[in-house]
Amino acid sequence: MRIAGLFRSGVLVSAAILTLCAGQAVAQSAGDNPAMYRGPDREQRLIEGAKKEGQVTVYSSMIADQALRPILNGFEAKYPFVKPQYVRDDPPQQLQKVMAESRANRMVVDVLESTGLEVPVRAANINQPFWSPQTEAYGKEHTDPDNFWAPTRFSYLGACYNTNLVKPGDIKSFADFLDPKWKGKIAWSGTVIGAMLFITGVRSFMGEEKALAYLQQLAKQDIVSIASANRVVVDRVMAGEHALCLDAFLHHPIISARKGAPVAPQPLDPVLTVVSSVMLPKSPPHPYAAMLFIDYLLSKEGQARLQGADYFPAHPDVPASPDLDKIVPRKIGLKENYISPAKMNSDLPKSRALYQELFAK
Amino acid sequence: MTIAVARDGGRSSTARYSPQVIVLIALLCVGVIPPFVFLAYSSLHELDPSGAFGVFTFGHFAAIFSSRTFNSVIVNSAVYSLGSALLALVIGAAQAWLAERTDAALRQVLYVSSIVSLGIPYVLYIVAWILFFGKAGPVNATLQQMFGGTEPYINVYSLGGMIFVEGMLWSPLAFLLLSPVFRNSDASFEEAASICGAGLFSTLRYVTLGMARPALLALGLLVFIKASESFEVPALVGLPGSTRVLTSTIYQRLTLDMPPDVGSASAFGVLLLVVMAVLLQIYSRVAAQAHRYQTVTGKGFRPRVIRLGRWRYAAGALIVAIPFIVVIVPLATILWAALLPYYQPFSLKAVPLLGFGNFVQVLNSPSFRGSIVNSLVLGASTATLVTALSAVAGWCVARRVAGSRLLDGLAALPLVFPAIVLGLAFLEIFVHAGSRLYGSLLSLVVVSIVAYIPYGLRYAQLGVIQIHPELEEAAAIAGARQPRTFIRVVLPLLIPALISCWLFVFLLAVRAVSLMLLLAGPDSQVVAVTLFDFWNNGQVGELAALGCVWTAIMTVFCVAFLVVARRYQLPIG
C-alpha cells in the first residue's frame with residue numbers, strides 16, 4: 001500500500017509538473033447522451049451536436065492507408081464540419097490505451113474499432129451500449145444482444161501453403177496436417193489471435209476430448225511458433241521459410257497471390273470465423289460526432305469502403321471484393337465455425353494452457 | 001575551491017552539493033523515479049480487469065524462476081548477452097582503431113557505414129538477416145548448390161544467429177563510442193612502447209587497448225545490459241528455432257494475455273537492476289582509477305597516426321569487409337525486397353519482376369509523409385537536450401563532485417527498463433498529466449530523454465575521463481569561475497564526443513518502436529511506428545521500400561550534420 005501511495009504521488013507530482021508545461025487541459029464538452037436516442041430527428045440532432053463538437057477521434061486496428069483513411073475521408077466528405085483523426089494500433093496497445101484513459105477519467109478516444117476487445121473492454125467498464133438504425137440490417141447471430149458493440153467486418157481463418165513446396169490438394173482437412181511428411185514444416189502465430197484462437201476453434205467443433213487427441217498429435221509435428229501477427233507467418237510461408245501455415249487470415253494469401261506470390265489459401269471445414277466490432281466509450285469527448293461516425297461506419301456507404309480495402313464487410317448487403325468470395329464459407333458451401341467475442345474470451349484460458357503444455361515446451 | 005571538491009568530493013559526505021548537481025538530480029528524479037516505482041510496483045502485483053494494479057503477488061518472479069527449462073534459459077541468456085557484447089566490442093573497436101589511429105585507406109567509409117546501418121529501421125535490419133541466412137535465403141541456397149542436399153546448412157534461428165544479429169546491431173554504437181576515445185588517446189605512450197621495441201600488435205594490445213580499458217568495459221557493460229533485455233532478436237530470431245532466453249519467455253507470456261500483463265517483464269527489469277548494480281560496482285572500480293587513463297593533458301596532446309606499412313592494404317580490405325557485413329548485406333536484402341512485388345529469395349528468375357511499384361506506393365502514403373517531420377523533430381530535440389544534460393552530468397560524474405554517485409545511478413536506471421514497461425509507465429503518467437500532453441510530440445521527447453540519457457552520459461563521461469583536470473586547474477588559477485572553465489576549457493575538448501553523442505541519440509530516438517507504440521497520438525505519429533504497422537500488416541515490399549527511403553533520409557541528414565560539425569570543429573582540432 002505504501003508503495004502504491006508512493007507511486008501514485010510520484011505519478012501525481014510528475015503529472016502536475018508536466019501539466020504546468022503543457023498548459024491547461026481542454027475542458028470536455030458536456031451534454032445529454034445521444035448513444036441510445038431513437039427519435040425520428042436522430043440524424044438531425046447528431047449533426048447539430050457534431051457541428052458544435054467539430055471533431056472525432058477514432059482508434060482502429062484497420063490498415064491505415066488502405067482502409068481507415070478511405071473511411072475517414074468518406075465520412076469527412078459527407079460531414080465536412082467534423083474533422084476526423086485517428087490512431088492505428090494493434091488490439092493489445094488499443095486496450096492498454098483505453099484502459100489508462102478510462103482509469104484516469106480522461107477519455108481521448110471517441111470511437112474504438114478493434115478485434116477481440118469486446119469482453120475485456122466491457123469488463124473494464126469502459127464502454128456503454130448504443131443504438132444505431134443501421135444495425136437493424138445486420139444478422140442477429142453476429143451482434144451483441146446488449147448493444148455494447150456492433151460488427152464492422154468479418155475474418156475467416158484457415159491454412160495457407162507455399163505453392164512451390166506443397167501441391168494443391170495435399171492439404172484439405174485438419175487431419176492432413178498430421179501426416180509425418182509435414183513435420184517441422186508447419187508454422188503458426190504464437191498469439192491470442194493466432195495459435196490460441198486455432199485451439200479454441202478446434203475445441204469448439206470437435207469437442208474437448210477429440211480436440212485434445214488431435215492437438216496432441218499435432219504437437220508431434222513440431223509446429224514452429226512465430227511471435228508475430230498471423231500476417232507475418234504468411235509472409236514467411238511465401239518466402240519459403242515454412243511450407244504451411246495453420247492460422248492465416250484467408251484473405252492475406254489471396255492478396256499476395258494476386259501479385260504473383262507462390263501462396264494459396266486453404267479453407268478448412270468448418271471455417272473459423274471471427275468478427276471485429278465498433279464500441280463507444282462511456283464518456284467520449286465528442287459523443288454526437290462519435291455516434292455520427294458509428295452510423296456512417298455501419299451504413300452501406302461506409303461498409304463499401306471496406307470492400308475496396310480487401311476486408312469482409314459485416315453488412316449483409318455489402319459483398320466482399322469478387323476474388324475474396326472464394327473463401328467466404330457460405331459461398332463455397334462450407335460451414336462457419338463462428339467464435340463469438342464472448343466465446344473467444346471465455347475459452348482463452350484453457351486454450352492458452354493447452355498451448356503452453358503442448359506447444360511451448 | 002572547486003578543485004578541492006573535485007578531488008575528494010567522491011568520498012566526503014559533508015561536501016555540499018553544488019546548485020548544478022542539485023538541478024540535475026532533481027530533473028533526473030522527475031524523469032526516472034516515477035517509471036521506476038511503476039516497474040517495481042507492477043513486478044509485485046496482478047492486474048485487475050480494468051488494467052489497474054490488483055492483488056499483491058510474487059508470482060511474476062516465481063514465474064521467471066519456475067520455468068521447466070530455467071537452467072538452459074539462464075545459460076542461453078548469459079551466452080547470448082555476453083556473445084553479443086563481445087562481438088559488438090570486437091567489431092566496433094577494430095573499426096574505431098582503424099579509423100582513428102591508422103593511415104589505412106578508405107577510413108571515412110567506416111563513419112558513413114555505421115551511420116547508414118543505424119539509420120536502417122530496427123525491425124527491417126533483423127528481418128534482412130533472417131531472410132539472408134534463412135532456410136530459403138541466398139547463403140543456404142548457395143551452399144546447397146555447392147555441396148548438394150536439401151536441408152539448410154546454416155540455421156539462423158539459433159543462439160549463434162541471435163548473437164550475430166544482436167552483435168551487428170550494436171557494433172555501430174561501439175564504433176561511435178570508441179572512436180573519440182581512440183582519437184584522443186595520447187600517442188606518446190605508443191611512441192614509448194615502440195621505442196622500447198614493441199611491435200605493432202603488442203603496442204596495440206598493451207598500450208592502445210590498455211588505455212581504452214574503461215571505455216571498453218563501460219561499453220561492454222552497456223551492450224550486455226541492452227542485449228539481456230532485448231525482446232526483438234530473441235522473439236524474431238530465437239523463438240522460431242525454440243532457442244529461448246529470459247526475455248523471449250517473457251515476450252511469449254505478454255502475447256498470451258489481454259491486456260498484456262507486463263508484470264513478468266517488470267519483474268525481469270527488477271532482476272536486471274540487481275545484475276546491473278553488481279556490474280556497475282565492478283566498473284566503478286576501474287573508473288575509480290580513471291586518472292590513469294587521462295590522455296588529454298596540459299602538455300599538449302597530439303594523437304599520432306600509426307603507419308601500418310605493409311599492413312595498410314590488409315587494413316583497407318578489413319575496412320571494406322566490415323561495412324560489407326554490417327551494412328551492405330542487410331541493405332541489399334532490403335533493396336531486393338523493396339523492388340519485388342512480393343518477397344522471394346534471390347534468384348535470376350526474379351529479376352524481370354523488379355520494379356519501383358513499392359516506392360511509388362510508399363512515397364504516396366499519407367501515413368509515411370505525415371510522420372517524417374515528427375520523427376525528425378523528435379530525434380533532433382531529444383538529441384539536443386540529452387547531449388546538453390549529458391555534457392554537464394558527465395563532467396560531474398567523471399570529476400566525482402559531491403553527489404556524482406547519485407547522479408550516475410539515477411542516470412543509469414533507465415537502462416534496466418524494458419521498453420514496453422517504460423512505455424506503459426509513461427502512458428499512466430501522461431494520461432494523468434493532461435490531455436494536451438498525452439499523445440503529444442512533447443511527451444515522446446520527454447520519454448526519449450529518459451530512455452537515452454544513459455547513453456548520452458556514457459559518451460560525455462568517457463570524453464571527460466580523458467581530459468586531465470590540470471587544464472581546469474590552470475583555468476581556475478587564472479581566475480576563471482567554474483561555469484566559465486566548463487564552457488571555455490572542457491566543452492571545446494569534449495566536442496568530438498558530444499557530436500557522436502548527438503548523432504547516436506538522434507538515431508536511437510527516431511528508431512524506437514516499442515517505446516512509442518503506446519504514446520504516439522493522432523498528431524504525433526512517427527516513422528518507426530508506421531514501419532511497425534507495415535510489418536504487422538505484412539506489407540513487406542512497402543516496408544522495405546519505406547526502409548530504403550528512410551535510411552536514405554537518415555544518411556543525408558547525418559552526413560550533413562557531420563560535415564557541419566567537422567567544419568565547426570576545425571579551429572579546435
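This is a predicted model: local features need pLDDT of at least 70, side-chain atom pairs count only at pLDDT 80 or more; totals for chains, interfaces and linings use all residues.

Trainee: How many residues does the contact take from chain A and from chain B?

Mentor: Contact here means heavy atoms within 4.5 Å. Between these chains, the area buried (accessible area, 1.4 Å probe, that two parts lose on being put together, summed over both) is about 6400 Å², and carbon and sulfur atoms give 60% of that. The residues in contact are 75 from chain A and 69 from chain B.

Trainee: Which residue of chain B meets A:Arg88 in a salt bridge?

Mentor: A salt bridge is a side-chain nitrogen of Lys or Arg within 4 Å of a carboxyl oxygen of Asp or Glu. Chain A and chain B have two salt bridges between them. In the one formed by A:Arg88, the N to O distance is 3.2 Å and the partner is B:Asp533.

Trainee: Which helix gives the largest share of the side of chain A that touches chain B?

Mentor: Helices are DSSP runs (H or I, at least four residues), numbered from the N terminus. The largest share is twelve residues, and these come from residues 2-22 of chain A, helix H1.

Trainee: Where do the domains of chain B lie, and how many Å separate their centres?

Mentor: The bounds come from an automatic or database domain assignment. They place domain 1 of chain B at 37-355 and domain 2 at 360-573. Their contact takes 60 residues from domain 1 and 52 residues from domain 2. Taken over C-alpha atoms, the centres of the two domains are separated by 19 Å.

Trainee: How many salt bridges are counted between domain 1 and domain 2 of chain B?

Mentor: These two domains bury about 5000 Å² between them, with 74% of it on carbon and sulfur atoms. For salt bridges between domain 1 and domain 2 of chain B, the count is zero.

Trainee: Which helix of chain B gives the most to the side of domain 1 that touches domain 2?

Mentor: Several helices of chain B each supply at least two residues to that side of domain 1, including H2 (19-43), H8 (159-183) and H14 (263-288). The one that gives the most, with ten residues, is H14(B).

Terms used:
Residues are numbered from 1 along each chain as its sequence is written. Chains are lettered from A and ligands numbered from 1 in the order in which they are written. Side-chain values use heavy atoms; hydrogens and water are left out.
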